[in-house]
Amino acid sequence: MRNANKYTYREEWSEEDGVYIARCLEFPSLAAHGPTPEEAFKEIREVFVFLRHVHKEVSMRAAGEGVSINSYIVSCLS
């Protein structure tokens, strides 16, 4: 397990996929893979940074429309 910033990450070997799978334990649905534990860790960190940027953008758009993030996403999906 690794601590990076305030989140905890774990890499484990996937026999089925033949790669290391890294997950952020606080967000179990986030996963990334790589041929080594280090590469899997690097990939999951990049996923997490990307999602933070997306969240910031959605948050700003929702605020601009004067609605909650959830309401904004629902309106985008409908």
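**Salt bridges, core and rings in a predicted model**

Three salt bridges come out of the count, where a salt bridge is a side-chain nitrogen of Lys or Arg within 4 Å of a carboxyl oxygen of Asp or Glu. Before I go through them, some ground rules. This is a predicted model, in which local features need pLDDT of at least 70, side-chain atom pairs count only at pLDDT 80 or more, and totals for chains, interfaces and linings use all residues. Residues are numbered from 1 along each chain as its sequence is written, and side-chain values use heavy atoms, with hydrogens and water left out.

Side chains of opposite charge can pair when their charged atoms come close. For exposure I use relative accessible area: buried is under 20%, exposed is over 50%, and partly exposed is in between, with a 1.4 Å probe and protein chains only. Arg10 is partly exposed because its relative accessibility is 37%, and Glu12 is partly exposed at 41%.

Another bridge joins Lys42 and Glu46, with the closest N and O atoms 3.9 Å apart. Both residues lie in helix H1, four residues apart, about one turn of the helix. Helices here are DSSP runs of H or I with at least four residues, strands are runs of E with at least two, and both are numbered from the N terminus. Lys42 is partly exposed at 41%, and Glu46 is partly exposed at 43%.

Glu57 and Arg61 also form a salt bridge, at 2.8 Å from N to O. Here too the two residues lie in helix H1, four residues apart, about one turn of the helix. Glu57 counts as partly exposed at 36%, and Arg61 at 46%.

Now the helix itself. H1 has 29 residues and spans 42 Å from its first C-alpha to its last, close to the 42 Å expected at 1.5 Å a residue; the expected span is 1.5 Å times one less than the number of residues. Which residues of H1 are buried? They are Ala40, Phe41, Ile44, Arg45, Phe48, Val58 and Ala62. Just after H1, Gly66 takes a positive phi of about 70°.

Next, the core. A nonpolar core is a set of buried Ala, Val, Leu, Ile, Met, Phe, Trp, Tyr and Cys residues joined through side-chain atoms within 4.5 Å. The largest one has 10 residues, namely Tyr7, Tyr9, Ala22, Cys24, Leu30, Ala32, Ala40, Phe41, Ile44 and Phe48. H1 gives the most, with four residues.

Last, the rings. Rings of Phe, Tyr and Trp (its six-membered ring) pair if their centres lie within 6.5 Å; planes under 30 degrees apart are stacked, over 60 edge-to-face, and the rest tilted. The whole structure holds five aromatic pairs. In one of them, Tyr9 and Phe41 sit edge-to-face, 5.6 Å centre to centre with 85° between the planes. This pair links distant parts of the chain, with Tyr9 in strand S2 and Phe41 in helix H1, 32 residues apart. Tyr9 is buried because its relative accessibility is 0%, and Phe41 is buried at 17%.

Trp13 and Tyr20 also pair edge-to-face, at 4.9 Å and 65°. Trp13 is partly exposed at 41%, as is Tyr20 at 25%. Ring pairs also link Tyr7, Phe27 and Phe48 into a cluster.
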